[in-house]
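These are my notebook entries from a first look through a structure that is new to me. I put down what I looked up, in the order in which I looked.

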Amino acid sequence: MGKRGYIFLPGGFNKVIEELSKSYRIYAPVLKVGEGRFTDTDVVRYDFVKEASEIELDKKSDYSFKEILTPLSQTLFFFTENDVKESEIDEREVLVFLRSCDLNALKRLDQIYLHNGREEDYFYARIRDKVKFVLMGCAHSYEDCFCVDMGTNRADDLDYSFSVDYIDNRFHCQLKDSVLEDVFTNNALKEQDITPRFVTENETRVQLPDSVPLSIFTSDMWEEYNTRCIGCGRCNYVCPTCTCYTMQDVYYTDNGRVGERRRVNASCMVDGYTNVAGGGEYRKKYGERMRFKTMHKIYDFKKRFGYNMCVGCGRCDTVCPEYISFSNIINKVTAKTLEVQNEK
Amino acid sequence: MRNNPYIPFPSKILDVIKHTEKEYTFRLEFKGDVKPGQFFEVSIPKFGEAPISVSGITENSIDLTIRKVGRVTDEVFENYIGDTLLLRGPYGNGFDVDKYINGECVVVAGGTGVSPVRGVINALGESKDSKDKHVILGFRSPDDMLFRDDIIRWESQMNLILTMDKEAEGYTGNVGLVTKFIPELKLKDIETAQAVVVGPPAMMKFSVIELLKLGFKEENIWVSYERKMCCGIGKCGHCKVNDTYICLDGPVFNYVDSKSLID
């Protein structure tokens with residue numbers, strides 16, 4: 001598929017979005033004024049939009065795009081007496097606006113839901129088929145980002161329909177998806193070669209460990225998180241690569257014979273994550289959970305699949321109410337690993 | 001059409017065997033390949049799903065030995081012969097019984113940990129040199145004993161050591177944890193003898209230590225893990241330990257692999 005570059009005036013780009021929203025649901029970061037965690041703060045999170053002006057192209061989103069694929073709560077099927085009926089799906093295609101880190105995160109979500117184990121996740125696969133992606137270029141690095149060291153600052157080889165960069169009152173788009181060629185050609189100011197913008201350095205740097213000895217898993221370096229971490233799980237909920245969920249049955253109170261089976265996002269940091277019937281519980285301490293999460297993101301996933309899970313978006317650093325920095329933890333693991341290796 | 005592994009199928013209860021007040025075996029209709037040590041997700045709409053390991057296999061049925069200890073299992077006990085339970089599975093790798101039937105083998109199991117190895121013990125009892133098979137079974141008390149009829153049969157087939165954690169009125173057999181009896185095992189060739197250990201985490205840990213002390217090779221020791229599993233197919237993440245998904249790569253592990261799993 002050839003790539004074509006287009007320059008749009010704001011009106012032209014708005015027309016494109018208007019046209020696209022006739023056949024696609026458009027899911028993009030939106031600035032929610034006053035809806036932040038603290039009084040008088042804003043938050044950027046994903047929502048469906050109809051107009052280009054609603055899309056937050058400048059700020060970093062506090063939450064990721066993943067909720068379109070793995071909703072916080074998702075009905076899988078309904079029970080009616082003895083019948084099981086699969087939940088319905090919106091048949092319209094979805095166009096998701098995201099940055100390079102998140103497009104790299106998509107590969108990780110696919111890895112777990114489509115390729116881990118013998119079976120595909122049915123409910124993930126059925127929505128995944130309907131979703132296309134729009135790469136939002138990054139003019140500069142944002143607070144807490146460390147995508148460059150994670151190798152996720154570029155998305156050239158990944159699958160996206162088109163890219164968008166807003167530069168000097170013009171929209172610069174690189175189109176890969178030939179289906180959209182007409183609507184782009186009809187509304188563009190001119191055609192021109194375009195490369196999506198990407199960052200080449202971040203203020204936050206991490207050094208990754210290559211192989212982590214078992215002694216790091218049992219090291220006392222995790223103990224500080226027994227008290228610093230409060231196990232709220234926000235780091236997991238904002239993470240674009242976290243995939244865990246818990247099954248839940250809900251029945252309607254007016255009719256006890258009708259209900260549904262749902263799955264809801266789960267967090268390995270929150271109490272109850274490992275509980276088995278009869279009282280068994282693993283990783284009771286927050287420090288153990290912190291170690292589990294960290295190793296999953298920067299070591300265990302790679303051991304299994306060949307590349308790191310963490311994409312360096314830094315959202316977990318931003319959201320943590322206890323100011324625990326994940327990039328800092330990565331550097332601590334690496335320092336400790338080197339220390340252990342040098343002792344030998 | 002795409003396969004939906006989450007939709008459970010109904011299975012009729014053929015029999016209910018009561019072991020203790022809280023532990024019943026439900027014999028359920030099932031045709032298909034199953035191995036001891038594998039598990040099914042048993043579900044009851046409104047209450048949810050629970051992973052339960054297979055404790056018996058016939059051509060037309062599977063046994064699920066269930067302990068009444070949670071939301072789902074409490075509800076399972078409200079069901080009787082002729083009723084229907086919903087299932088998904090089987091999941092997990094299960095025990096490779098052929099590894100244990102030739103030569104010497106020791107099975108150490110405690111409490112509900114006996115369920116996943118019941119199929120293994122049955123196969124050992126029917127093997128040609130069943131006298132070279134040793135089974136150590138531990139229960140909290142005589143009231144907590146599972147598979148009483150099987151135990152009588154196993155005693156006649158193999159070297160079976162049955163022990164209770166504590167003294168009990170009217171009970172005259174062995175008393176003490178399973179680990180107490182491991183050093184007393186008499187094995188002909190410790191280099192090739194196989195061992196299978198299943199039970200609560202602490203019991204498994206200390207049993208393996210005793211087996212290693214006795215001279216067992218790490219690669220000849222097999223364990224089975226119990227974890228929370230919401231999906232059974234490597235997606236929900238709850239059972240993950242290090243880079244390992246217990247539901248996919250286990251629940252049965254060789255000790256060489258399991259010793260580096262850190263919760």
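This is a predicted model: local features need pLDDT of at least 70, side-chain atom pairs count only at pLDDT 80 or more; totals for chains, interfaces and linings use all residues.

**Entry 1: chain A overall.** I noted that the C-alpha trace of chain A spans about 60 × 60 × 45 Å along its principal axes, and that the chain holds eleven helices and twelve strands. Of its 344 residues, 41% count as buried. When I looked at contacts in chain A with a separation of 6 or more, I found that 72% of them come from residues 24 or more positions apart.

**Entry 2: the cores.** I then turned to the largest nonpolar core, which has 150 residues, and in which Val134(A), Val107(B) and Ala195(B) touch the most other members. The element that gives the most to this core is helix α2 of chain A, residues 100–115, with seven residues. In chain B, domain 1 (9–91) and domain 2 (98–224) both give residues to this core, and I therefore place it between them.

Entry 3: Is Glu119(A), which I looked up next, buried or partly exposed? I count it as partly exposed because 19 other C-beta atoms lie within 10 Å, whereas a buried residue needs 20 or more. Glu119(A) lies in the loop between α2 and α3 (122–128) of chain A, and beyond its neighbours within four places in sequence it is in contact with Asn3(B), Pro5(B) and Ile233(B).

Entry 4: Strand β5 (residues 61–67) of chain B is mostly covered, as six of its seven residues are buried. Strand β2 (residues 23–29) of chain B pairs with β5(B) in the antiparallel sense over seven bridges, and here Arg27(B) stands opposite Asp63(B). Strand β4 (residues 48–57) of chain B also pairs with β5(B) in the antiparallel sense, over three bridges, and a hairpin of three residues joins β4(B) to β5(B). In that pairing Asp63(B) is the bridge partner of Gly56(B).

**Entry 5: backbone details of chain B.** I looked for cis peptide bonds and noted one from Gly89(B) to Pro90(B), with omega near 0 degrees, where Pro90(B) lies in strand β6 (residues 84–91). Another cis bond runs from Gly250(B) to Pro251(B), with omega near 10 degrees, and Pro251(B) lies in the loop between α6 (246–249) and β15 (252–254). Lys46(B), which is not a glycine, has a positive phi near 90 degrees, and its place is in the loop between β3 (39–44) and β4 of chain B. Asn242(B), also not a glycine, has a positive phi of about 50 degrees and is found in the loop between β13 (240–241) and β14 (244–245).

Conventions:
Residues are numbered from 1 along each chain as its sequence is written. Chains are lettered from A and ligands numbered from 1 in the order in which they are written. A nonpolar core is a set of buried Ala, Val, Leu, Ile, Met, Phe, Trp, Tyr and Cys residues joined through C-beta atoms within 7 Å. A residue is buried if 20 or more other C-beta atoms lie within 10 Å of its own, exposed if 12 or fewer, and partly exposed in between; C-beta atoms are placed from the backbone. Helices (H or I, at least four residues) and strands (E, at least two) are DSSP runs, numbered from the N terminus. Domain bounds come from an automatic or database domain assignment. Two strands pair if DSSP finds at least two bridges between them. Two residues are in contact if their C-beta atoms, placed from the backbone, lie within 7 Å.
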